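Hi everyone, thanks for coming.

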Amino acid sequence: MGDTLTKPEAPIAKEHYFSLSFVLSRVLNSGVIMSIEKNDHELKGLEKAIAKLTNTQYVSLLNSFTGAVHGAFWGQDIGYGSSARLEHAGEQERKFAKWLGIQLTTDPYAEIAYSAIAVDGHNLHRLEQEARSSAGQAPVLVLDFTGLGFGPVAAIATNDELVWKKAERLKIFGAFDLQTMWTQEESEPELQPAVQFNYRLSPLVAACVKISLLRRKPA
């Protein structure tokens, strides 16, 4: 006989600390849509919530974990031909680093490029503790919120303004482009040019994650 099919585990269990139905009803009733200009407050609200939670100054939101990894690398000028050290890198990270042309190293004297936390219903309530334990390990913290069940969403948190600016430049219709798209003038001439990717996060998904963070019961 073949293998028995089993139902996959739900990403969010009923007993986990916030009501999914409440989150979705609040977001849908708010009229949040994909408009970048009208609903930018949802993105900014999530950025502020993450900054407070991680005790960092700058947060960049991206629509995938690999996008956040890319932002963490690019923000530190780690690109093609560079080497980087990661702790407990998963297969996805190793493959993506290889695609970017970045050689992963185990040199104990090399600084860790970033630390990462995968957030889901099981650790949402102790996120502050995990963020504090990761503080100081690396200049950038990558948070993957995909496990909450609202779709691919991640963020980088850092106290380095230049890292944040460079990560923002990777996104199509990033903040700098919205400010300068009509004048065609460079707003940040000190930044290196970068190829842009479709890493911009939907305000709808941002609103869902933001409410989830605000509604959780911290340990």
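Okay, let me start with a definition: I'm calling something a salt bridge when a side-chain nitrogen of Lys or Arg is within 4 Å of a carboxyl oxygen of Asp or Glu. R126 and E130 make one of these, and their closest N and O atoms are 3.2 Å apart.

Quick housekeeping. Residues are numbered from 1 along each chain as its sequence is written. This is a predicted model, where local features need pLDDT of at least 70, side-chain atom pairs count only at pLDDT 80 or more, and totals for chains, interfaces and linings use all residues, while side-chain values use heavy atoms, with hydrogens and water left out.

Back to the salt bridges. How many are there by this rule? The count comes to eight. One of them joins the side chains of K210 and E42, at 3.0 Å from N to O. That pair links distant parts of the chain, with K210 in helix α8 and E42 in helix α2, 168 residues apart.

Are K210 and E42 buried or exposed? Both are buried. Buried means under 20% relative accessible area, exposed means over 50%, and partly exposed is in between, using a 1.4 Å probe and protein chains only.

Another salt bridge is K166 with D77, whose closest N and O atoms are 2.7 Å apart. K166 sits in helix α6 (residues 161-168) and D77 in the loop between α3 (65-75) and β2 (83-85), so this pair ties together parts that are 89 residues apart in sequence. K166 counts as buried, because its relative accessibility is 7%, whereas D77, at 42%, counts as partly exposed.

Now the inside. By nonpolar core I mean a set of buried Ala, Val, Leu, Ile, Met, Phe, Trp, Tyr and Cys residues joined through side-chain atoms within 4.5 Å. The largest has 30 residues, and the ones with the most contacts inside it are I50, L127, F145, V209 and L213. At least two residues each come from α2 (40-54), β1, β4 (115-120), α5 (127-134), β5, β6 and α8 (203-215). Helix α8 gives the most, with seven residues.

Take L213: leaving aside neighbours within four places in sequence, it is in contact, meaning heavy atoms within 4.5 Å, with L46, A49, I50, L53, L124, L127 and F145. There's also a second, separate core of 24 residues, which includes V69, F73, A154 and Y199.

Let's look at helix α5. L127, E128, E130, A131 and S134 are buried there.

Next, strand β6, residues 154-158. How many of its five residues are buried? Five of the five. A154, I156 and T158 point one way, and A155 and A157 the other. Strands pair, in my use, if DSSP finds at least two bridges between them. Strand β1 (residues 58-62) runs antiparallel to β6 and is joined to it by five bridges, with V59 opposite A157. Strand β5 (residues 140-147) also pairs with β6 in the antiparallel sense, over five bridges, and V140 has T158 as its bridge partner. In that hairpin, with six residues between the strands, G149 takes a positive phi near 95°.

Last topic: aromatic rings. Rings of Phe, Tyr and Trp (its six-membered ring) pair if their centres lie within 6.5 Å; planes under 30 degrees apart count as stacked, over 60 as edge-to-face, and the rest as tilted. By this rule there are four aromatic pairs. The rings of Y58 and W164 have centres 5.5 Å apart and planes at 25°, so they're stacked. Y58 is in strand β1 and W164 in helix α6, 106 residues apart.

That's my tour, so over to you.

Notes
Helix = DSSP H or I, 4+ residues; strand = E, 2+ residues; numbered from the N terminus.
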